[in-house]
Amino acid sequence: MASDLIAAHPGEARILSYRILSYEREDDGFKPVDAYPRLSLACISTHDHQTLAGRWRSADSKARAEHGIVPAGVSETHIEARQHEGVLKLAQERGAPPSTTDSYPNWKPKLTVSIEDLEDLLLVREISEAMRHERSGGV
């Protein structure tokens with residue numbers, strides 16, 4: 001598996017650094033791409049990070065305020081700052097389109113079989129059985 005290779009031998013995968021967009025900032029905004037280390041893997045979000053859409057809506061800052069994790073004034077400051085981050089502007093300045101929604105909606109790929117027929121696929125049955133086995137404690 002590729003993730004096993006990266007964990008065991010990061011040099012062989014030619015990934016020597018991992019960078020998350022929201023942490024890659026300077027005083028005046030996001031770091032430009034050419035400031036990232038040469039062999040770095042960059043991402044917009046992770047499994048335990050807010051989504052990009054959530055970040056644009058400041059959902060994480062609002063949730064922290066609602067749950068009393070940070071004072072409301074701090075969240076308001078974060079929300080105000082987000083309005084001026086300009087992630088899309090940065091992408092456009094670097095020549096990247098903001099999305100492919102109009103030309104090709106890659107966020108909604110088509111299945112090669114109907115959803116009703118998924119349970120008939122051997123791979124789906126094998127994965128389901130393995131998950132059932134693991135969740136039952138291997139019984």
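## A first look at the chain

Let's start with a pair of helices: helix 3 (residues 59-66) and helix 4 (residues 72-82) pack at an angle of about 170°, and their axes are 9 Å apart. Angles over 145 degrees count as roughly antiparallel, so that is how helix 3 and helix 4 sit relative to each other. Keep in mind that this is a predicted model. The chain averages a pLDDT of 77, and 73% of its residues score at least 70.

**Where helix 3 meets helix 4**

- On the helix 3 side, the contact is made by Asp60, Ser61, Lys62, Arg64 and Ala65.
- Across from them, helix 4 brings in Ser75, His78, Ile79 and Arg82.
- Sort the residues of this contact by type and you get four charged, three polar and two nonpolar.

**The chain as a whole**

- The chain holds six helices and four strands.
- Read from the N terminus, its elements run α-β-β-β-β-α-α-α-α-α.
- Of the 139 residues in the chain, 17% are buried.
- The accessible surface of the chain comes to about 11,000 Å², and carbon and sulfur atoms account for 57% of that.
- Take the contacts in the chain with a separation of 6 or more: 40% of them join residues 24 or more positions apart.

- Confidence is at its highest in helix 6 (residues 122-135), with a mean of 90.
- Helix 1 (residues 2-8) is at the other end of the scale, where confidence is lowest, at a mean of 52.

- Ser58 lies in the loop between helix 2 (52-56) and helix 3.
- With a relative accessibility of 0%, Ser58 counts as buried, because the cut-off for that is under 20%.
- Leaving aside neighbours within four places in sequence, Ser58 is in contact with Ile79, Arg82 and Gln83.
- Ser58 and Glu80 are 22 residues apart in sequence, yet their C-alpha atoms are 9.1 Å apart in space.
- The backbone of Ser58 has a phi near 60°, a positive value in a residue other than glycine.

**Ser17 and Leu41, from two strands**

- Ser17 is found in strand 1 (residues 17-20), while Leu41 lies in strand 4 (residues 40-43).
- Buried or partly exposed? Ser17 is buried, with a relative accessible area of 15%, whereas Leu41 counts as partly exposed at 36%.
- Apart from neighbours within four places in sequence, Ser17 is in contact with Pro37, Leu39, Ser40 and Leu41.
- Looking from the Leu41 side, and not counting residues up to four places away in sequence, the residues touched are Ile15, Ser17, Tyr18 and Arg19.
- What separates Leu41 from Leu16? In sequence they are 25 residues apart, and in space it's 7.8 Å from C-alpha to C-alpha.

Conventions
Residues numbered from 1 in each chain as written. Predicted model: local features only at pLDDT ≥ 70, side-chain atom pairs only at ≥ 80, totals over all residues. Heavy atoms only, no water. Axes fitted to C-alpha atoms, helices over the stretch in contact; angles between N-to-C directions. Parallel < 35°, antiparallel > 145°, perpendicular 65-115°, else oblique. Contact = heavy atoms within 4.5 Å. Nonpolar A, V, L, I, M, F, W, Y, C, P; charged D, E, K, R; others polar. Buried < 20%, exposed > 50% of the residue type's maximum accessible area, 1.4 Å probe, protein only. Areas by Shrake-Rupley, 256 points an atom, 1.4 Å probe, with all protein chains shown as cover. pLDDT = per-residue confidence, 0-100.
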